[in-house]
Amino acid sequence: MSDEQLSEFGALKRPVRRHRSGAGICTEHERNDAVYIVRTGWAVASTVRESGRRQILRFAMPGSLIGFETAPDGTMPCTVEALTDLTVCSLSRGQLLRFCEGAPNVALRMASLLAGETISDWRLLGGLGCCSAAERIARLLLDLGDRQHRAGARETPPDTDAVLPISQIQIADATGLTPVHVCRTLKEMREAGLLTFVRQHLHVLDRSRLIALAGIEDEASPPRRAAAGELAALQ
């Protein structure tokens, strides 16, 4: 932003809001006139299926924009709640849109950021119908760990790859599995020498094999296809 745009944007901000873990931010099917930028903590967006089971759509961490998307009738398409203690910067949706009309460079940058998060969400949700349990879990944990590192999380202990404030129940809700299946699969992945996930600490033991299992590409290394035996062992 230019100095002038930064000054105008700063005038849009409302007082910082703080939410305890588990507190609701937005509710599915209800109207919401605010957009939130996550400053500290994690939030989770979810929807409830016809069966009554929750499906986690995305995890939001510092820098993420939440509450921007709306259904055609103007209501929220999902419920957003604080996964940890959360601090957000609140903006009026109408004022933000008017600001973007006069600052197309900011609007394009915001659209690019939202598109990047949407693509990440598509990759995770797209695997629900065609990936094994191990593949789904590998995709989710790699994505969250990489996003946290890109955000420069300083709270990550030096002896782990990432601190992810999620439980096995939340992994299950994000991958379409049962908590029991998640627990069993994580144990198999640990025994296979791929990763450990204990007390919210993710430690990747063999990143290249884990990436091959997930069927994704690593920006830091050339792509490698998993051997049939590696995949079969974790189906």
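Reader: Which residue in E11 does valine 163 stand opposite?
Author: In E11, the residue opposite valine 163 is histidine 201. The model is predicted: local features need pLDDT of at least 70, side-chain atom pairs count only at pLDDT 80 or more, and totals for chains, interfaces and linings use all residues. Residues are numbered from 1 along each chain as its sequence is written, and side-chain values use heavy atoms, with hydrogens and water left out. E9 and strand E11 (residues 201-204) pair in the antiparallel sense over two bridges, and the position in E11 asked for is histidine 201.

Reader: Which residue in E7 stands opposite serine 46?
Author: Strand E4 (residues 43-48) pairs with strand E7 (residues 79-82) in the antiparallel sense, over four bridges. Serine 46 faces, in E7, threonine 79.

Reader: How many nonpolar residues are in the contact of H1 with H2?
Author: Helix H1 (residues 3-12) and helix H2 (residues 93-101) pack at about 170° with axes 10 Å apart, where axes are lines fitted to C-alpha atoms over the stretch in contact and angles run from 0 to 180 degrees between N-to-C directions. That makes H1 roughly antiparallel to H2 (over 145 degrees; under 35 is roughly parallel, 65 to 115 roughly perpendicular, the rest oblique). The contact (heavy atoms within 4.5 Å) is made by Gln5, Glu8, Phe9 and Leu12 of H1 and Gln95, Leu96 and Phe99 of H2. By class (Ala, Val, Leu, Ile, Met, Phe, Trp, Tyr, Cys and Pro nonpolar; Asp, Glu, Lys and Arg charged; the others, Gly among them, polar), two are polar and one is charged, and the nonpolar residues number four.

Reader: Which residue forms a salt bridge with arginine 20?
Author: A salt bridge is a side-chain nitrogen of Lys or Arg within 4 Å of a carboxyl oxygen of Asp or Glu, and the structure holds five. In this pair the closest N and O atoms are 3.3 Å apart. Arginine 20 lies in the loop between strand E1 (17-19) and E2, and its partner in the loop between E7 and strand E8 (86-92), so the pair ties together parts that are 65 residues apart in sequence. The partner is aspartate 85.

Reader: Which helix has the lowest mean pLDDT?
Author: pLDDT is the predictor's confidence in each residue, from 0 to 100; the protein chain averages 83, and 85% of the residues score at least 70. Among the elements of the protein chain, helix H6 (residues 179-191) has the highest mean, 96, and the lowest, 43, belongs to helix H8 (residues 228-233).

Key
Pairing = 2+ DSSP bridges.
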